[in-house]
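User: I am new to this structure and would like to learn how its features are read. Please guide me through them one at a time.

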Amino acid sequence: MKIAFYLCENRDHPNNVIKSAFDYCPFEKDLYWLNDFNESHLKYDAHVTWGMWKRANPATNRIANIAELSPCHILIEMGYIGKRDKTPDAYYSINIDGLNNWGKEWQTNNIAKLIDCGVNIEPLNNYDGTMIVGQVTRDSTVQHYDHVSWLNEKLKQNKNAWLRLHPLQGSILPIEHDKKCTCKSLKSAIENHKIGTLITFNSTSGIEAMALGVPNVIAEDSGSMVYDQKNRDSALIRAASRQFKLDSIPWQQIKKAAN
């Protein structure tokens, strides 16, 4: 198997992740800048990028070409659960031919992976509050949808719900609502506002809410890892099984999935 890895200009942390994955990969490989991608690169059996292309970031446009043309597009992103910071031993999600729930079901779901993450799984609560969780509008997971319109629609349907806008963008979104959550963490938001139902669009907040004991997690986008997931244990195991530390990515298993 021969793999091409791609760096993206002005993205220090993603580039460090790609470089580490490149170093640990046991197969024949080459490292390029993303803008170097062209038809001659189709000689590779797989192509590795940090995440999907983002409409808000033109520097990632070539990822759209890779996604369309690659026989096996491997996408690395932040993990869903457990250690999710920028340190070397953090967890990263490894996706094939699509991000999150849109990707190939290539992983072996194993409860041991969930245990390895060291996450404390809280008992299901009996709260009756509702919270709607927002995402960064420039993120690739919501760029196919008008996220502000979605939030306003959900608020109209759930007038008494708490609204928790994404910390990176919440203050600048044109959304009026009397019950805005200002808690710094999702855990404190759930505890302070007694949240038993969480409505989200993305994967991470849904997975985290499940682990924190929210019994009713509703993901309205088919790309979310918790979309239509009725069994909490299965959903958490599935998410944990698709994430790895960079020195333990199962390249041989990925090779089998690519064939």
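User: Between which strand and which helix is asparagine 10 found?

Analyst: Before turning to that residue, two remarks on the source are in order. This is a predicted model, in which local features need pLDDT of at least 70, side-chain atom pairs count only at pLDDT 80 or more, and totals for chains, interfaces and linings use all residues. Residues are numbered from 1 along each chain as its sequence is written, and side-chain values use heavy atoms, with hydrogens and water left out. Helices (H or I, at least four residues) and strands (E, at least two) are DSSP runs, numbered from the N terminus. Asparagine 10 is found in the loop between strand E1 (2-7) and helix H1 (12-24).

User: What is the phi of asparagine 10, and is the residue buried or exposed?

Analyst: In general, most residues other than glycine have a negative phi. Asparagine 10 has a positive phi of about 65 degrees although it is not a glycine. For burial, the cut-offs are under 20% relative accessible area for buried, over 50% for exposed, and partly exposed in between (1.4 Å probe, protein chains only). With a relative accessible area of 78%, asparagine 10 is therefore exposed.

User: Where is aspartate 97 found, and what is its phi?

Analyst: Aspartate 97 is found in the loop between strand E5 (92-96) and helix H3 (111-116). Its phi is positive, about 55 degrees, although aspartate 97 is not a glycine. Its relative accessibility is 37%, so aspartate 97 counts as partly exposed.

User: How many helices and strands does the protein have, and what radius of gyration?

Analyst: The secondary structure comes to 8 helices and 10 strands. The radius of gyration is taken over C-alpha atoms, and the globule rule is 2.2 Å times the number of residues to the power 0.38. For 259 residues a compact globule would have a value near 18 Å, and the protein has 19 Å, which agrees. Along its principal axes, the C-alpha trace spans about 55 × 40 × 30 Å. Buried residues make up 53% of the 259 residues.

User: Which residues touch the most other members of the largest nonpolar core?

Analyst: A nonpolar core is a set of buried Ala, Val, Leu, Ile, Met, Phe, Trp, Tyr and Cys residues joined through side-chain atoms within 4.5 Å. The largest such core has 29 residues, of which Ile81, Met131, Leu186, Leu198, Ile207, Val217 and Leu236 touch the most other members. The elements giving two or more residues to this core are strand E6 (129-133), helix H5 (186-193), strand E8 (195-200), helix H6 (204-211), strand E9 (216-219) and helix H7 (232-241). H7 supplies the largest share, 5 residues. Apart from this core lies another, of 27 residues, among them Val17, Tyr92, Trp251 and Ile254.

User: With which residues is valine 217 in contact, leaving aside its neighbours within four places in sequence?

Analyst: Contact means heavy atoms within 4.5 Å. Leaving aside neighbours within four places in sequence, valine 217 is in contact with Leu198, Gly206, Ala209, Met210 and Val226.

User: What follows H6, and where does proline 215 lie?

Analyst: Glycine 213 follows H6, and its phi is positive, near 95 degrees. Proline 215 lies in the loop between H6 and E9. At 43% relative accessibility, proline 215 counts as partly exposed. Not counting residues up to four places away in sequence, proline 215 touches Leu124, Asn125 and Gly196. Proline 215 and leucine 124 are 91 residues apart in sequence, yet their C-alpha atoms are 5.6 Å apart in space.

User: In which strand is the place of threonine 130, and does threonine 130 count as buried or exposed?

Analyst: Threonine 130 has its place in strand E6. At 19% relative accessibility, threonine 130 counts as buried. Threonine 130 touches Asn158, Ala161, Trp162, Ile195, Thr197 and Ile199, not counting residues up to four places away in sequence.
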